[in-house]
Amino acid sequence: MRNPLINVLFIFMLLLFFNCTKDIASIPEDIEINNFVWKGMNSYYYWQSDVPDLADTRFANQGELNVFLRSFYAPEELFQDLRFQPGVIDRFSWIVDDYVALENSFQGIRLTNGMEFKLFVYKENTTNVYGVVYYVIPGSNAEIQGVLRGDVFSAINDTQITVDNYRGLLFGENSNYTLNLSDFKTGNPEVNGTNIGLVKEDFQENPVAISKVFNEGSKKIGYLLYNQFASSFDLQLNNTFSYFKSEAVTDLIIDLRYNGGGSVRTATYLASMINGTNTGKLFSQEFWNEKVVKNTNPDYFENNFTDQITNNDVNIPIESLSLNTVYFIVTDDTASASELVINGMKPYVDVKLVGTKTVGKQVGSITVYDSNNYRKTGSNLNVNHTYAMQPIVLEIKNSEGQNNPEGYLPEIVLPEDFGREDGTINIGVLGEKSDILLDRTINFITTGSRPSFKNRNYNQEKALIDSKVIQPFSQEMFVENFR
């Protein structure tokens, strides 16, 4: 019988081999990216212990691992094979071949003409497709060219959009196209002769989109349309709350209807701005795989309410309110870090939701690079490629150990009205009372009334595609500067 001490030593050496060393020069060039993929996933993937091919004892040495890695023709194939029940359990892990584009996306920089839209099939001819514009990014090419929220289009470059060609027409490699506007015609649009040429360009969206105060009797209601938890705009977010403080707002609406998430740290800042009486208390707690937990200070996994924003090593005081109730506008585009704010605040304040059920993304990621410590700052970052991974590495819960992977259902269930039975489209103007979601939220605040969508005479169809959701990394929740 083998000495148990030898068994323990053998396993220890394997762990040391796979997790503490990474000599790029010793890896054959044809599999160096695959080697990075396997070792990065072995070290950080949340479900590492559930994937047999990621087990620390799966391969006796680097040679056996090399044979395995050569059985995959591309890093993407290997990454997919190593995911745990992709699309079912793991719905959100990514690998990219251009980490610069990935990094840019986290700060709101992407190739876009600035027009966000939902696509629907025709009411009568269900092979035909039309689009409804729901958001135009301020300052973008679409805004400059006059595209408006509520515009309808059914053709691109004079070609009818269909279920077979919409991806090529709207999401292909073409950097420009002509939008053929249409009359709605009760869900069977017809082009009306108005055409708008649009150009996609690298553009950075300011996620602090609209901030204003509504005076409603004795109520002063602050309103913020916030579209991404991007750390580049933490100070602008803080300035908005300074404005709310100066206006002595009594109530607050945070509009997250188009916010797919972003930085956990920025989410913690926003929660701290909403209610500044909880400084130092636990906002959220992270749960990583056993290997990470074993080698990390437990304090690292706790995110506490704070009164400071750390920006370039300078601490800036947070401009916070002291509200006991907060109202969030949410939709099926609301995900990850947005849901974290909702969930993290529930133990401390009365959280009210208006809109439709959120996505249900309670897991987060980090960016894993091909270097000795899997960070971009690693001493031997591999310059032979620009692959990076964004694997799920953690589950996040509030201070009471709760989250909701099924999404959050609002007290007032009410979708944006993209039109059907009454023959018109009426989604109003964002930031104005003509927007039905904002109007109903203000009414909720001032009267306490909770009208039910079930009683409304709508037959809203689910969109075929949402231009924002179809973008890579649109529903990410990530940890910056992980250890």
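**Q85 is partly exposed, with a relative accessible area of 40%.** Buried means under 20% relative accessible area, exposed means over 50%, and partly exposed is what falls in between (1.4 Å probe, protein chains only). Q85 sits in the loop between α4 (75-82) and β1. The names come from DSSP runs, with helices being H or I runs of at least four residues and strands being E runs of at least two, numbered from the N terminus. What you see is a predicted model, where local features need pLDDT of at least 70, side-chain atom pairs count only at pLDDT 80 or more, and totals for chains, interfaces and linings use all residues. Residues are numbered from 1 along each chain as its sequence is written, and side-chain values use heavy atoms, with hydrogens and water left out. Q85 has a positive phi of about 45 degrees, although it is not a glycine. Most residues other than glycine have a negative phi.

**T186 also has a positive phi without being a glycine.** Its phi is near 55 degrees. Look for T186 in the loop between β7 (176-183) and β8 (190-199). With 31% relative accessibility, T186 counts as partly exposed.

The protein averages 90, and 91% of the residues score at least 70. Over residues 1-25, though, pLDDT stays under 50, and the model has 30 contacts for them beyond four places in sequence. A contact means heavy atoms within 4.5 Å. Residues 454-459 are also below 50, and that stretch has eight contacts beyond near neighbours in sequence.

**Helix α2 covers residues 32-44 and is largely enclosed by the rest of the structure.** That description holds because 13 of its 13 residues are buried. The expected span of a helix is 1.5 Å times one less than its number of residues. For the 13 residues of α2 that gives 18 Å, and the end C-alpha atoms are 18 Å apart, so the two agree.

**Q48 lies in the loop between α2 and α3 (62-69).** Is Q48 buried or exposed? At 7% relative accessibility, Q48 counts as buried. Leaving out residues up to four places away in sequence, Q48 touches M41, N42, L54, A55, D56, N289 and K291. The side chain of Q48 also reaches the backbone oxygen of L54 at 2.8 Å.

**Helix α5 (residues 99-106) has its buried residues on the same side.** They are Y99, L102, S105 and F106, and they cover an arc of only 115 degrees around the axis. That arc is the one made by the directions from the helix axis to the C-beta atoms. An α-helix has 3.6 residues a turn, so residues three or four places apart point the same way. Among the elements covering these buried residues are β1 (94-96), β2 (109-112) and β26 (477-478). At the start of α5, a side-chain oxygen of D98 comes within 3.2 Å of the backbone nitrogen of V100. After α5 comes G108, with a positive phi near 80 degrees.

**An open sheet of six strands runs in the order β10-β11-β12-β18-β19-β24.** Its pairing is mixed, where two strands pair if DSSP finds at least two bridges between them. Which strands sit at the edges? β10 (208-216) and β24 (412-413) do, each pairing on one side only. β10 and β11 are antiparallel over eight bridges, and they form a hairpin with two residues between them. G217 in that turn has a positive phi of about 65 degrees. β11 (residues 219-226) also pairs with β12 (residues 251-255), in the parallel sense over five bridges. Six of the eight residues of β11 are buried.

**K352 is found in strand β19.** With a relative accessible area of 14%, K352 is buried. Its side chain makes a polar contact with the side chain of D350 at 3.2 Å. A polar contact is a pair of N or O atoms within 3.5 Å; within protein, one must be able to donate a hydrogen and the other to accept it, and residues adjacent in sequence count only if both atoms are side-chain atoms. Beyond residues up to four places away in sequence, K352 touches several others, including Y327, E411 and R450.

How values were computed. pLDDT is the predictor's confidence in each residue, from 0 to 100.
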